[in-house]
Amino acid sequence: MTAEQMTTLRTLSDADMTIADSSVDVRGRTVLDKANEEIGEVDALLIDEQESKVRFLRVAAGGFFGLGARHLLTPVDAITRIDPDHVHVDQSRERVASAPVYDPTVVTETDYYNDLYGYYGYAPYWGTGYVYPPLPSYARRPY
C-alpha cells in the first residue's frame, strides 16, 4: 500500500465494523507507559476499513470524568503488552503527551500520520515491507 492508496482512518464506532471477540476490545482500558505510569484511557480505535486493521489507539488523557481530556494517537506498533485492565506501550508518558496534534484544517491525514509514525520511530503502515505487529497477550486475533 502506498500513501496514495491509504484509506481514511475512522473510529471503530463510526465504521460499519465490530470486534468479533469482545475480550480483545481494549477500549476503556488504562494505557500505561514503559515505566507503568498512567497516560490515559483508550477511548477509540482508529481502523483501516480496507484492511480491517486497527492502526492507532486514541487515548483520552487528562480532564475530569472525560471532560476536557486531550485526545492523543498512539500507533498499535507501540503496544508491548495487554492485560484485562491495561494496555502497555513502549513510550514514556511525556513522549505520548508531546506527540504531534492533529488539526485537519492545517495538515492532510497522510502528512499527519507520516509525521506521527516518524515521531514515534515506526515505519508507516502503508510503507513497503510493513508488517502488522503481532498483538501481545491474548489479543493476537485480528480486530
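Colleague: How many aromatic pairs does the rule give?

Modeller: The count comes to seven aromatic pairs. The rule takes rings of Phe, Tyr and Trp (its six-membered ring) and pairs them if their centres lie within 6.5 Å; planes under 30 degrees apart are stacked, over 60 edge-to-face, and the rest tilted. This is a predicted model: local features need pLDDT of at least 70, side-chain atom pairs count only at pLDDT 80 or more, and totals for chains, interfaces and linings use all residues. Residues are numbered from 1 along each chain as its sequence is written, and side-chain values use heavy atoms, with hydrogens and water left out.

Colleague: Why is the pair of Tyr 117 and Tyr 125 called edge-to-face?

Modeller: Its centres are 6.2 Å apart and its planes stand at 65 degrees. The distance is within 6.5 Å and the angle is over 60, so the edge-to-face label applies.

Colleague: What makes Tyr 117 and Trp 126 a pair, and of which kind?

Modeller: Their ring centres are 6.0 Å apart, with planes at 85 degrees, so this pair is edge-to-face.

Colleague: Are Tyr 117 and Tyr 125 buried or exposed?

Modeller: The relative accessible area of Tyr 117 is 1%, and that of Tyr 125 is 4%. Buried means under 20%, exposed over 50%, and partly exposed in between (1.4 Å probe, protein chains only), so both tyrosines are buried. Trp 126 is buried too.

Colleague: Which residues do the ring pairs link into a cluster?

Modeller: Phe 56, Tyr 112, Tyr 113, Tyr 117, Tyr 125 and Trp 126.

Colleague: Where is Phe 56, and is it buried or exposed?

Modeller: Phe 56 is in strand E4. Its relative accessible area is 0%, so Phe 56 is buried. Its C-alpha atom is 6.0 Å from that of Leu 73, 17 residues away along the chain.

Colleague: What makes E4 largely enclosed?

Modeller: Strand E4 covers residues 53-61, and seven of its nine residues are buried, so the rest of the structure largely encloses it.

Colleague: How do you know which strands pair with E4?

Modeller: Two strands pair if DSSP finds at least two bridges between them. E3 (residues 38-48) is joined to E4 by seven bridges, and E5 (residues 70-75) is joined to E4 by six. Asp 48 has Lys 53 in E4 as its bridge partner, while Ala 61 stands opposite Arg 70 in E5.

Colleague: What lies between E3 and E4?

Modeller: The two strands form a hairpin with four residues between them. Ser 52 sits in that loop. Its phi is near 55 degrees, a positive value in a residue other than glycine.

Colleague: What makes up the largest nonpolar core?

Modeller: The set has 37 residues, among which Leu 45, Phe 56, Leu 57 and Tyr 113 touch the most other members. E3, E4, E5, E6 (79-82), E7 (86-89) and H2 each give two or more residues to this core. H2 gives the largest share, six residues. A nonpolar core is a set of buried Ala, Val, Leu, Ile, Met, Phe, Trp, Tyr and Cys residues joined through side-chain atoms within 4.5 Å.

Colleague: How much space lies in the largest pocket, and which residues are closest to its centre?

Modeller: The largest pocket holds about 280 Å³ of space. It has 16 lining residues, and the closest to its centre are Leu 46, Arg 58, Leu 73, Tyr 102 and Tyr 112. E5 supplies the largest share of the lining, four residues. Strand E1 (10-11), E5 and helix H2 (109-120) each supply at least two. On a 1 Å grid over the protein atoms alone, a pocket is an open set of points where a 1.4 Å probe fits, with protein on both sides within 12 Å along at least five of seven lines; lining residues have an atom within 4 Å of a point.

Colleague: How many helices and strands does the protein chain have?

Modeller: Two helices and seven strands, in the order β-β-β-β-β-β-β-α-α. Helices (H or I, at least four residues) and strands (E, at least two) are DSSP runs, numbered from the N terminus. Buried residues are 45% of the 143 in the chain.

Notes
Grid points are joined across faces, edges and corners, and a volume is the space filled by probe spheres set on the points.
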